[in-house]
Amino acid sequence: MSALLAVRGVSKRFGGLQALSNVTFAVDHREIVGIIGPNGAGKTTLFNVITGVYAPDVGTVELRGMDVTGWAPHRICRLGAARTFQIGKPFAALSVLQTVRIGALNRIESMAGATARALEVLELVGLAGKRDDLGRHLTVIERKRLELARALATGPALLLLDEVAAGLRPNEIQEMIALVRRIAAGGVSVLIIEHVLEAVMRLSARIVVLNYGEVIAEGSPPSLVNDPRVIEAYLGEAYTLA
Amino acid sequence: MIGLDVVVQALLSGLFMGSVYALIAIGFTLVFGVTDIVNFAHGHLVMAAMFVTYFLFKTAHLDPYLSLVVVLPLFFGVGALLYVLVIQRIVEAPHSAHMMVTLGLLLVFENLANLFFGGDLRGITTKYTTSSFVMGPVAVPLARLGAAAVSLLAVAVLGVFLARTTLGKAIRASANNREGAALVGVNVPRVYLVSFSLGTMAAALAGAVIVPFSLVSPFVGHEFILKAFVIAVLGGLGSVPGALAGGLLIGFVEALSSLYISASLGNAIVFAILIAVLLYRPWGIFGQAKV
Amino acid sequence: MKAFGVAALVAAVALPLVAGQHLLTAFIVALHAAYMALAWNVAAGYAGQFSLGHSLFYGIGAYASTMLYLKLGLTPWVGMFAGAALAGVVGVLLALGVYRYNVRGIFFALVTLGAAEVAKGLADNWDWIKGPVGILLTMKAAPGEFFFLRREPYYYVALFMVVALIAISLVLERSRLGQHFLAVREDEAAAEASGVDSYRAKTAAIGLSAALTAFAGSFYAQFYLYVSPETVLTFEPQLTMMLGTMVGGAGTALGPVLGSVLFSGLGEALRNLPFENTRQVVIGSKLVYAILLIVILIYLPGGLITLGRRRA
């Protein structure tokens, strides 16, 4: 059975900066895969390439067996990959319900049906009580939940989460982990970029480590904790245990 | 077949008017480069200065070049006042707010002028309004020469100011990277104020020096702002050297095209070029693409 | 709110019973401005596409119905639909060409301004439409030709146009397309990531707005009976649309109406009152409006309509 998402040999350069270099990995159905790496490693750029914000210079992206390299973002969303943004982008002047409903309209034609689906998703993420609040009035964690809700409402097969746990307090992180697990349990695969290592270690079946745009390691969380390449990437050579 | 001397005369005319257009456009593009605000009222500031100059000539018989002593500081002050009262409150607002508010200012200036002076076209006649000296095949009109010379001088002074003085460098820093400039201690609000006032003053200078050979009315501002748009975009929004080059270019294009085609058709062509630049090279013909 | 709306509608319908020709003219001008503002609002208010070139579509409407009448004897009642269709096509083509290059914000505004200026320049040199001289319409007086001797019929046509466009706006707000417009306005990247085809949405917004604007141009031609580049292709109509919408409240169905009635209606009414210095009064009122515009934009950026609905 082919993978849900297959990234093959993707490279991307911006002027003098090689943001991604020959990145290859896959995400299977019903799998949670984590992406970690120091700041500037190219993680968000990778998301942008997968979701069509940029076309890669070289390489391909396959989603559900189709070559989506260079497709426009809305087409990739239609096919079944939805992403959240690192800096939460709520539709400032629209209500929480309106925002999530726009996501729901991806799969559902009627406004009534989309509204119903949006309400369901809001229940799931715990924002039902805030349905009429405007995007610009939400707190940090509420924005994160809204991002998640908006992406989930589009009915994706693959959810790409960009640092959903950043800026959250410890108890909020636990809530977020539980929420992502609930969503994955519903059959959605998740590709998650995270700096909060606790979150990504506990959620992911597999982790891909990026540094300077290259995949430097890949494996299960326990196997990576002592991997010298990973340690070196985060802490520098001096800290590599011989 | 149009004779060569007519063409050369036109080129000369284009050089002169182009210099003035450049000054106007530089004021406009400086404000945009620093504050990110498109001042739709910029052309009407030129008009306002024209009226003040006209008024001083009619009542105090003050020659436009002499009245600069009054006009320049006056309009620096007007710019500062506008900034403090209106502009600084919308700096953080979306571009649509910038456009609408400055359109409001445009209407204020236009109706003020219309109210006090009426809508008729007016002009002044100085000793040199119709004088010219002959240089080979062409006649050099003194009034336009003077306007161009003063404009180019002003551009040069501004260039030196921006390059050499502390405040000038602070202005360039703020235009380049607002947060970065603030972080190194640049007083960004003051820079904005000065930039806007300088831009206004530049418009006023241009307005004053063209009065000897121009018709003055509350409605001439539209033409100036449209030219400022085109020139600033051609030169790259925010680029002072670009606006200089663009101003001269437009001056030449305008003068030459008037020899062969009607003014309105020439206008249409200029705007078609504007559209093409905006679509294919939005950083301007003379600008550099950002990565 | 609904009760107020019904009462206002009833009052509006009954107005000609008490109003003289002068007052009706003022209202017609106000309604015409309100309609134009509503049309511009579709693109600028709902979809966030701040076009400065809508005079282009206004002009297409005015000239299309006029030329079809002059050359083919086609009644402007039908001609205006042709004008709207033409304007819609032009709008779509323009949008398709422009959005390909991802132009937005001030660049988009300048492109649209440029397009309108190009159109005016070309119109001034196009002999078939009589260039800058313009076209003076002499209509055979018949309702069937969209020409009336009295003001009342014009008033009802204008009123109908406004009510219809308010209704269209309300339907749009509640529709899938309308939601896509809002999403694109708020954040195009997030909209795309949610499955919204922003290129298509923006193009649809411009096309729809263009077609709607054209009807106003045709109305203008049939009301004033004179069409020229100086009257329908300048920045004047654009200014009218923008002032009404931004002052009243962009992105709402009633805001543009509120703003336009305030600006245009009062201005026109002042012009007709027997002042000593009518000219000064009219210019003075424009001055006051301009200052009011600035004040509202700074302190009440959502427009006057937000006064009626204060949210926490």
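Me: Is L225(C) buried or exposed in this predicted model?
Reply: The relative accessibility of L225(C) is 18%. The cut-off for a buried residue is under 20%. L225(C) therefore counts as buried.

Me: Where does L225(C) lie in chain C?
Reply: The helix α9 of chain C covers 198-224, and the strand β2 covers 226-227. L225(C) lies in the loop between α9 and β2.

Me: What is phi of L225(C)?
Reply: Most residues other than glycine have a negative phi. L225(C) is not a glycine, yet its phi is positive, at about 60°.

Me: What is phi of R64(A)?
Reply: R64(A) lies in the loop between β4 (58-63) and β5 (66-67) of chain A. This residue is other than glycine, and its phi is positive, near 50°.

Me: Which residues form the positive surface patch that includes R64(A)?
Reply: R64(A) is partly exposed, with a relative accessible area of 46%. Patches take residues with over 30% relative accessible area. The positive surface patch is formed by R64(A), R78(A), R107(A) and R200(C).

Me: What is the radius of gyration of chain B?
Reply: Along the principal axes, the C-alpha atoms of chain B fill a box of roughly 60 × 45 × 35 Å. A compact globule with 291 residues would have a radius of gyration near 19 Å. The value for chain B agrees with this, at 19 Å.

Me: How many helices and strands does chain B have?
Reply: Along the sequence, the pattern of chain B is α-α-α-α-β-β-α-α-α-α-α-α-α. The secondary structure of chain B comes to 11 helices and two strands.

How values were computed:
Residues are numbered from 1 along each chain as its sequence is written. Chains are lettered from A and ligands numbered from 1 in the order in which they are written. This is a predicted model: local features need pLDDT of at least 70, side-chain atom pairs count only at pLDDT 80 or more; totals for chains, interfaces and linings use all residues. Side-chain values use heavy atoms; hydrogens and water are left out. Patches are made of residues with over 30% relative accessible area and no salt bridge: like charges are joined within 9 Å, nonpolar side chains (Val, Leu, Ile, Met, Phe, Trp, Tyr) within 5 Å. Accessible areas come from the Shrake-Rupley method with a 1.4 Å probe; for residues, only the protein chains shown count as cover. A salt bridge is a side-chain nitrogen of Lys or Arg within 4 Å of a carboxyl oxygen of Asp or Glu. Lys and Arg count as positive and Asp and Glu as negative; His and the chain ends are not counted. The place of a charge is taken as NZ of Lys, CZ of Arg, CG of Asp or CD of Glu. Helices (H or I, at least four residues) and strands (E, at least two) are DSSP runs, numbered from the N terminus. The radius of gyration is taken over C-alpha atoms; the globule rule is 2.2 Å times the number of residues to the power 0.38. Buried means under 20% relative accessible area, exposed over 50%, partly exposed in between (1.4 Å probe, protein chains only).
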